[in-house]
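Open the model in your viewer and keep the sequence panel beside it. The stops below say what to select and what is there.

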Amino acid sequence: MQAPLYQVKAEFFRMLGHPVRIRVLELLQNGPVSVRDLLIEIDVEPSNLSQQLAVLRRSGIVVSTREGTTVTYALAGGDVAELLRAARRILTELLAGQTALLAELQDSGQPGQPTAHSPRS
């Protein structure tokens, strides 16, 4: 019996739900990157990076190649980069809305408190 599509999607988003994995995917958007360069860019222990890369590789989101002792990772397809761009757009809109709400709250003041627009008596 096959899992429902919504469950498969939830598993996919759970797999993305780790900061190191997201950072790896962001770094791979511009092309292949060696493990050594990933370690320079991401402040984690090599074993932790290795675990996170293994999760991404097993899921099929990234592929690896080896030349001598150098292992390089790349995105398996362009859709992941588009997903990250979409997430950035969504977060930008959400944060812009929160910033507008914060500004409105600050401008309105609290009862009995002077606002930026009213002098203190």
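Buried means under 20% relative accessible area, exposed means over 50%, and partly exposed covers what lies in between. Keep in mind that this is a predicted model.

**Stop 1: arginine 85**

Select arginine 85, in helix H5. Its relative accessible area is 40%, so arginine 85 is partly exposed. Arginine 85 and alanine 74 are 11 residues apart in sequence, and their C-alpha atoms lie 17 Å apart in space.

**Stop 2**

Draw a distance to serine 34. The C-alpha to C-alpha separation of aspartate 107 and serine 34 is 50 Å, across 73 residues of sequence.

**Stop 2: the nonpolar core**

Nonpolar side chains tend to be buried together in soluble globular proteins. Which residues touch the most other members of the largest nonpolar core? Select Val24, Leu25, Leu28, Leu49, Ile61, Val62 and Leu75; the core they belong to has 22 residues. Colour by element next. At least two core residues each come from helix H1 (5–16), helix H2 (19–28), helix H4 (46–59), strand S3 (70–75) and helix H5 (79–108). H2 gives the largest share, five residues.

Zoom in on leucine 25. Neighbours within four places in sequence aside, leucine 25 contacts Leu16, Leu56, Ile61, Val62, Leu75, Val80 and Leu84.

**Stop 3: H2 against H4**

How do they cross? Their axes come within 9 Å, at an angle of roughly 70°. H2 is therefore roughly perpendicular to H4, since angles of 65 to 115 degrees are classed that way. On the H2 side, select Val20, Arg21, Val24 and Leu25; on the H4 side, select Leu49, Gln52, Leu53, Val55 and Leu56. By class, this contact holds seven nonpolar residues, one polar and one charged.

Is glutamine 52 buried or exposed? Glutamine 52 is buried, because its relative accessible area is 7% and the cut-off for buried is under 20%. Leaving out neighbours within four places in sequence, glutamine 52 is in contact with His18, Val20 and Arg21.

**Stop 4: H1 against H2**

The axes of H1 and H2 come within 7 Å and cross at roughly 85°. H1 is thus roughly perpendicular to H2. For the contact itself, select Arg14, Met15 and Leu16 in H1 with Arg21, Ile22 and Leu25 in H2. Four nonpolar and two charged residues make up the contact of H1 with H2, and no polar ones.

Look back at two residues from earlier stops. Arg21 meets H4 residues as part of the H2 set, and Arg21 is also among the H2 residues that meet H1. Leu25 is likewise listed in the contact of H2 with H4 and in the contact of H1 with H2.

**Stop 5: along H1**

Select alanine 10, in helix H1. Alanine 10 is partly exposed, with a relative accessible area of 31%.

Move on to the aromatic rings. How many aromatic pairs are counted, with ring centres within 6.5 Å? The count is one aromatic pair. Phenylalanine 12 and phenylalanine 13 form it: their ring centres are 5.4 Å apart and their planes stand at 75°, so the pair is edge-to-face. The cut-off for edge-to-face is over 60 degrees. Phenylalanine 12, at 31% relative accessibility, counts as partly exposed. Phenylalanine 13 is partly exposed too, at a relative accessible area of 49%.

**Stop 6: isoleucine 40**

Finish on helix H3 (residues 35–41), and select isoleucine 40 there. Is isoleucine 40 buried or exposed? Isoleucine 40 is exposed, because its relative accessible area is 59% and the cut-off for exposed is over 50%. Isoleucine 40 and glutamine 2 are 38 residues apart in sequence and 41 Å apart in space, C-alpha to C-alpha.

Terms used. Residues are numbered from 1 along each chain as its sequence is written. This is a predicted model: local features need pLDDT of at least 70, side-chain atom pairs count only at pLDDT 80 or more; totals for chains, interfaces and linings use all residues. Side-chain values use heavy atoms; hydrogens and water are left out. Rings of Phe, Tyr and Trp (its six-membered ring) pair if their centres lie within 6.5 Å; planes under 30 degrees apart count as stacked, over 60 as edge-to-face and the rest as tilted. Buried means under 20% relative accessible area, exposed over 50%, partly exposed in between (1.4 Å probe, protein chains only). A nonpolar core is a set of buried Ala, Val, Leu, Ile, Met, Phe, Trp, Tyr and Cys residues joined through side-chain atoms within 4.5 Å. Helices (H or I, at least four residues) and strands (E, at least two) are DSSP runs, numbered from the N terminus. Contact means heavy atoms within 4.5 Å. Axes are lines fitted to C-alpha atoms, for helices over the stretch in contact, and angles run from 0 to 180 degrees between N-to-C directions. Angles under 35 degrees count as roughly parallel, over 145 as roughly antiparallel, 65 to 115 as roughly perpendicular and the rest as oblique. Ala, Val, Leu, Ile, Met, Phe, Trp, Tyr, Cys and Pro count as nonpolar, Asp, Glu, Lys and Arg as charged, and the others, Gly among them, as polar.
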